Amino acid sequence: MNELVVLLNQYAEAYYTKDAPLVSDQEYDHLYRELVALEESNPEAILPDSPTHRVGGKILSGFEKYTHEYPLYSLQDAFSRTELEAFDQRVKKAFPEATYLCELKIDGLSISLTYVDGILTVGATRGDGSIGENITENLKRVADIPLRLPEPVSLTVRGECYMPKASFERINRQRQEAGETIFANPRNAAAGTLRQLDTGIVAGRGLATYLYQEAGSSERISQEEVLQNLAHLGFSTNSDYVLAQDLDQVWEFITRIDEKRHELPYDIDGIVIKVNQLDLQEKLGFTVRAPRWAVAYKFPAEEKEAQILSVDWTVGRTGVVTPTANLTPVTLAGTTVSRATLHNVDYIADKDIRIGDTVIVYKAGDIIPAVLQVVLRDRQEQSPMLIPETCPSCEEPLIHYEDEVALRCINPLCSAQIKERLRHFASRDAMNISGLGPSVVDKLFDHHLIQDVAGLYRLRLEDLLKLPNIKEKSATKLLDAIEQSKANSAEKVLFGLGIRHVGSKASKLVLETFGDLENLAHAEEEAIAAIPGLGKVIAQSLRTYFEADGAKALLAELKEAGVNLVFKGLRVTDTAPLAGQVVVLTGKLERLTRNEAKEKLEALGASVTGSVSKKTNLVVAGADAGSKLAKAQALGIPIQDEKWLESL
């Protein structure tokens, strides 16, 4: 069985990853059947990297949450050479010696693969960057993902899982013949496949991967070396990349790929430009959302002509009134589009957009349909668009501030705003109250059962049963979900309040510092702005919000209702033993996992990084520590062991 597993995995790697088969299909099938027979006779001896794990058959009950040891960040987008020049100037101003590695931006789903001693142990989705879903069993069915590496290394790698165009066309033919709804595009098909609970479906869909990152620590010195090492370890890597010395060479690569991208056997939506030197990446660091050392150039979107039939004006939770055009249907990037954003009233005026116009429609960032411009040759006698003067929800006068492009309703009792705030508060990334969808929110508000988020915690079963189409079972489930949400960590509450400019990551950062919402409510603007990754705009927004009497009353109501206002994660304080220290973990720890050690170090105030440099203050070394330990010794950096860490 050992011999067969090794042979079959070598043959599979040669076939799927290197596109260079070593044996015929018949020989592979013969050996595979022999292994299956042996495993049926000896089920207790099935190896964790057996290729029989590639075959479906398991029906999963669901997916567990998985906390990433190293966060997955989004990338800053660029849509023009001008925006790339701004990125280049920021990088070169700090590090004139920086070079760039340009890689294809595969249009798939981000995945993270963790190997322990060379064996695949966890495969997870990106999720929100901090917490994803454990989809290991499904990723084992992706043929080019190694189940065992050629070396017994422990590492986490990142990349994209995608559906090749050939697989996409095959599956849609099958679905059409079966009378099923076809997938809109390969990315949607890949996403739907990885969410399947039947691993047999996953195995038959023909997904593939490209890996591009070693998370956390790396003994490589450049992104190019990372790709080379990943290929050496048997991962699929995309060889269509270029090392560029300057922006001109970056643009040459973008132009060349743009000309041939529709001929590629997979979808791409741009080019990722990364600083090649890993030590410079570390020095450039991250914002709250994205690395400062990388940018994603998005190709110009596909454009189609459509006619504007009418315009809807909708009110968001911050009072912004947004215009949306209803269009004659057109197909863009594989999906049918009949609505497109008009952004704001200034945009309508600048483009002179009128109802009845023929317009050019595109997908901004390949996601959101938007109107680009009017086709003036088709204009007849359309009158300029009438801009509403009163709120479409509460009919109060609308305001158009001089320093804003938005039309805004400033009525705090506007029903549309309150409903949107309630929906946001209940959303997955906020309080995650299942069962509290838009229609239920509408019913609760329209029947005067709630006026704000605190009202959710005063609901009773008899209240819910008065609502149309609400049965006792669903009402009980909703009340249970509301009750469970009280225990959420305080950053979920803060994000759920929908404060302008304050997203989920900023909410976590600010509460890591202040500990609870009541402390934050009294914090000085300067203290908030001083938190790395936040800044003045977020600080002003928080201070303005908490100075309002309504916010103080709302916090008091939530506290009285039993909602937790305390941050439950590990806090960093200036008085912590390792405050401000840059620490590197290396080697194998005996009593702690790497993630547990990282959390404890961060709780002690440290910033844990993956590589040793002159900025490193301390190295915590376990057994079998290698090059990082040697480098720390050469630089004279203090070294401690796990016992010392436990003593803190």
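With which residue does Arg 423 form a salt bridge? The partner is Glu 420, and the closest N and O atoms of the two are 2.7 Å apart. A salt bridge here is a side-chain nitrogen of Lys or Arg within 4 Å of a carboxyl oxygen of Asp or Glu. The model is predicted, so local features need pLDDT of at least 70 and side-chain atom pairs count only at pLDDT 80 or more, while totals for chains, interfaces and linings use all residues. Residues are numbered from 1 along each chain as its sequence is written, and side-chain values use heavy atoms, with hydrogens and water left out.

Arg 423 and Glu 420 are three residues apart in helix α12, which separates them by about one helical turn. Helices are DSSP runs (H or I, at least four residues), numbered from the N terminus. An α-helix has 3.6 residues a turn, so residues three or four places apart point the same way. Arg 423 has a relative accessible area of 23% and is therefore partly exposed; Glu 420, at 27%, is partly exposed as well. These words follow set limits: buried is under 20% relative accessible area, exposed is over 50%, and partly exposed is in between (1.4 Å probe, protein chains only).

Arg 423 also forms a salt bridge with Asp 442, with the closest N and O atoms 2.4 Å apart. This pair links distant parts of the chain, since Asp 442 is in helix α13 and Arg 423 in helix α12, 19 residues apart. Asp 442 counts as partly exposed because its relative accessibility is 24%. Through shared partners, salt bridges join Lys 419, Glu 420, Arg 423, Asp 442 and Asp 446 into one network.

The structure holds 34 salt bridges. Another of them joins the side chains of Arg 81 and Asp 248 (2.6 Å, N to O). Arg 81 belongs to helix α3 (residues 81-94) and Asp 248 to helix α9 (residues 247-260), so this pair, 167 residues apart, also links distant parts of the chain.

Next come the nonpolar cores. A nonpolar core is a set of buried Ala, Val, Leu, Ile, Met, Phe, Trp, Tyr and Cys residues joined through side-chain atoms within 4.5 Å. The largest has 53 residues, of which Ile 433, Leu 456, Leu 494, Val 510, Leu 517 and Leu 542 touch the most other members. Elements that give two or more residues to this core include α12 (415-426), α13 (438-446) and α21. The most comes from α15, with five residues. Domain 4 (415-486) and domain 5 (490-561) both give residues to this core, so it lies between them; the domain bounds come from an automatic or database domain assignment. Apart from this core lies another, of 32 residues, among them Leu 84, Leu 104, Ile 257 and Val 275.

Helix α21 (residues 549-560) has 12 residues, which at 1.5 Å a residue should span 16 Å, and its end C-alpha atoms are 17 Å apart, which agrees. The expected span is 1.5 Å times one less than the number of residues. The buried residues of α21 are Ala 551, Leu 554, Leu 555 and Leu 558. They cover an arc of only 100° around the axis, which puts them on the same side of α21. What covers these buried residues includes α16 (490-496), α18 (517-521) and α20 (536-547). The face turned away from the buried side carries the exposed residues Asp 549 and Glu 560.

Technical notes. Arc of directions from axis to C-beta. Contact = heavy atoms within 4.5 Å.
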